[in-house]
Amino acid sequence: MATLLEKVHSPEDFRHFSVSELQRLARELREQIVATTARTGGHIGASLGAIELILALHYVYDTPEDKLVFDIGHQAYAHKILTGRREQFDGIRQLRGLSGFLKRHESPFDVWEAGHAGTSLSGALGLAVARDLTHQSYHVAAVIGDGALTAGMAWEALNQLGHLHTKMVVVVNDNSMSIAPNVGAFSRYLTDLRTAPGYLRLKQDIEAILDSVPVLGGPLKRAGEHIKDVLHHAVLPGNVFEELGFKYYGPVDGHDLFNVISVLRNAREYPGPVVIHAITQKGKGYRPAEEMPVQFHGPGPFEITSGQIIKKQEAPTYSQVFSETLVEIAAKRPEVVAITAAMPDGTKLDYFQSHFPDRYFDVGIAEQHAATFAAGLATAGLKPVFAVYSTFLQRAYDQVIHDVCHQNLPVVFAVDRAGLVGGDGATHQGIYDMTYLRCVPHLEIAMGKDEGEMRRLIYQAMDRPNPVAIRYPRGPGRRVVLEDPVDPIEWGRAEWIFHGRDLTIIGIGPMVYRAMEVRELLSEAHFDVGVLNARFVKPLDEAALREAVGESRAIMTLEEHAVAGGFGSAVAEWLANQGAVMPLRLEGLPDVFIDHGPTDYYLDMYELSADALYRKVEAWLHGMAITPRS
Ligand SMILES: Cc1ncc(C[n+]2csc(CCOP(=O)(O)OP(=O)(O)O)c2C)c(N)n1
């Protein structure tokens with residue numbers, strides 16, 4: 001039997017459906033999302049939880065004329081399927097397939113792109129203000145999760161929206177979860193709103209009484225509304241949204257299509273800003289995702305019937321080794337405290353939390369605050385370690401400079417997911433941090449070639465009197481033996497792995513192993529090639545660099561990072577200032593946003609595989625008359 005979904009190529013196709021047909025559509029969407037993500041992995045939990053909201057929004061609004069803005073975009077799988085991408089949905093997050101987030105080039109229904117949390121309200125307010133200034137009449141609605149509402153940016157937007165009183169609808173998709181259970185006073189406040197039946201009944205009763213007071217038209221009507229507002233505020237306990245100038249509808253059961261549609265219809269007509277507080281369940285309709293919302297936030301492939309997530313047998317990840325190392329250190333050093341911005345599972349700081357609950361802080365999706373909070377802790381003699389993905393540290397740039405580094409405070413940034421990240425794609429690549437951190441005074445930056453060196457660097461970072469960033473990549477380590485006790489790395493010292501007279505390849509991070517592969521190939525072709533494991537981006541090991549300049553005829557740097565301003569640039573700056581005339585080649589990632597897909601695919605594409613590097617380097621050396629030794 002044909003499914004209803006097969007008949008839907010655009011929201012127009014279901015706007016005449018009955019509520020029971022919409023409910024059937026919701027079931028079919030659930031089946032497709034579960035069936036696909038079981039193969040591809042992806043953001044299943046949030047997407048299952050937002051299905052009814054998405055159906056209702058497209059049902060009530062005339063999209064894409066009216067503008068729907070999603071926060072992050074990870075919850076919008078149903079939106080993708082309903083807006084003409086059902087047949088491509090199978091390829092979500094796969095190479096050349098649909099993005100796991102929204103993309104303006106994918107569809108006119110994707111009016112806003114994101115990946116980072118908390119941007120939707122600012123973007124939507126921009127659309128709404130532009131509408132008014134250009135005398136257009138489209139509606140604007142934004143969907144934001146309770147987790148994303150812990151981001152400062154979201155409040156900056158609410159502040160302006162309440163002030164401008166612009167016509168716009170904000171749907172708060174409250175499932176009480178961020179990736180982990182949501183934290184913070186505001187999260188607790190939302191829970192109180194949700195679970196205070198007394199308040200709700202009182203509110204409904206009072207509103208009913210006030211609504212029954214007749215008001216006349218024109219100016220009198222406005223005066224009457226004003227009196228109602230004043231009475232409303234006088235009798236009811238304050239609701240933060242109303243206090244900020246919003247019309248508040250809620251809490252609404254976000255899975256009750258009939259209800260959500262009728263609330264949305266009212267909200268759409270309201271002349272100012274509206275908040276609809278919708279209660280949803282993460283993973284709704286798929287038992288394992290309902291029961292294990294953290295694991296099913298963004299799992300890899302899983303077995304549908306059992307809900308078993310398919311795990312490859314891999315070495316411990318860098319994040320695991322990091323967290324275990326930090327626990328070891330913290331056991332000996334009571335001043336060590338750990339901070340995450342809503343990523344206890346991703347950073348593996350949940351392990352630290354289980355050992356030292358009082359010295360662990362999940363601050364919500366609040367990277368800016370996390371950095372400054374760390375600075376505050378450090379001024380009072382603690383040793384804060386902020387574990388944060390490279391991409392999310394971007395959010396805290398001013399705080400890194402102004403609050404941490406300017407005061408030269410000994411905060412440790414454990415910069416996770418440094419490098420390409422795979423399925424999350426362009427918004428999540430950790431390939432800019434060396435550029436944006438390298439120029440900040442006082443900050444030292446290091447990256448080990450494997451998890452063993454990372455561990456040693458973490459140990460030593462604890463003794464630095466200034467801020468330090470230790471970078472490490474996503475995924476499994478190389479199963480190297482983890483020394484215990486660790487053998488300290490001389491701070492600022494690179495590691496010579498081979499010396500060579502024709503070329504020295506200076507690698508940073510795991511790219512050092514790639515450098516060794518390239519060396520192998522070049523050695524077979526009779527070139528004499530050295531490999532230097534830089535370890536430190538800042539300070540550079542100038543003595544080792546001088547040695548390389550002295551003994552090699554050419555230098556190549558190698559990094560899994562944007563070349564622009566990255567590690568190679570640091571070497572180039574140094575070399576230029578030496579006045580040394582030396583052939584130098586910088587290998588890394590080009591000046592483009594890199595989409596989702598396997599890391600190796602992109603390393604091949606940008607000619608950073610061992611073979612491609614070998615071919616390029618051999619031609620380069622020949623071009624400079626550096627020929628094989630017989
Ligand atoms: C700035 C930033 N920090 C961290 C993340 C990682 N992240 C992705 S989804 C998510 C939780 C979002 O929770 P919520 O907004 O409530 O949406 P839900 O997944 O519950 O629907 C987090 C922390 C991010 N995307 N952006």
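Contact here means heavy atoms within 4.5 Å. Helices are DSSP runs of H or I with at least four residues, strands are runs of E with at least two, and both are numbered from the N terminus. What you see is a predicted model, in which local features need pLDDT of at least 70 and side-chain atom pairs count only at pLDDT 80 or more, while totals for chains, interfaces and linings use all residues. Residues are numbered from 1 along each chain as its sequence is written, and side-chain values use heavy atoms, with hydrogens and water left out.

I start with helices α20 and α24. In α20, Arg514, Glu517, Val518, Leu521 and Leu522 meet Ala610, Asp611, Leu613, Tyr614, Val617 and Glu618 of α24. That contact divides into 7 nonpolar, no polar and 4 charged residues; nonpolar covers Ala, Val, Leu, Ile, Met, Phe, Trp, Tyr, Cys and Pro, charged covers Asp, Glu, Lys and Arg, and the others, Gly among them, are polar. Helix α20 spans residues 511-524 and α24 residues 610-623, and they pack at about 55° with axes 9 Å apart. Axes are lines fitted to C-alpha atoms, for helices over the stretch in contact, and angles run from 0 to 180 degrees between N-to-C directions. The angle makes α20 oblique to α24, given that under 35 degrees is roughly parallel, over 145 roughly antiparallel, 65 to 115 roughly perpendicular and the rest oblique.

Next, α3 (residues 51-60) and α11 (residues 257-269). Their angle is about 45°, and their axes are 9 Å apart. This pair is therefore oblique as well. The α3 side includes Leu53 and Tyr59, and the α11 side includes Ile261 and Arg268. By class, this contact has 10 nonpolar, no polar and 3 charged residues.

Now the domains. The assignment, automatic or from a database, gives domain 1 (5-291), domain 2 (318-471) and domain 3 (496-623). The centres of domains 1 and 2, taken over C-alpha atoms, are separated by 33 Å. Which three residues supply more than any others of the area that domain 1 buries against domain 2? Arg93, His116 and Val183, with 35%.

Last, the backbone. A cis peptide bond joins glycine 250 and proline 251, with omega about -10°, and proline 251 lies in strand β4 (residues 247-253). Another cis bond joins lysine 538 and proline 539, with omega about 0°.

Terms used:
Buried area = accessible area lost by both parts, 1.4 Å probe.
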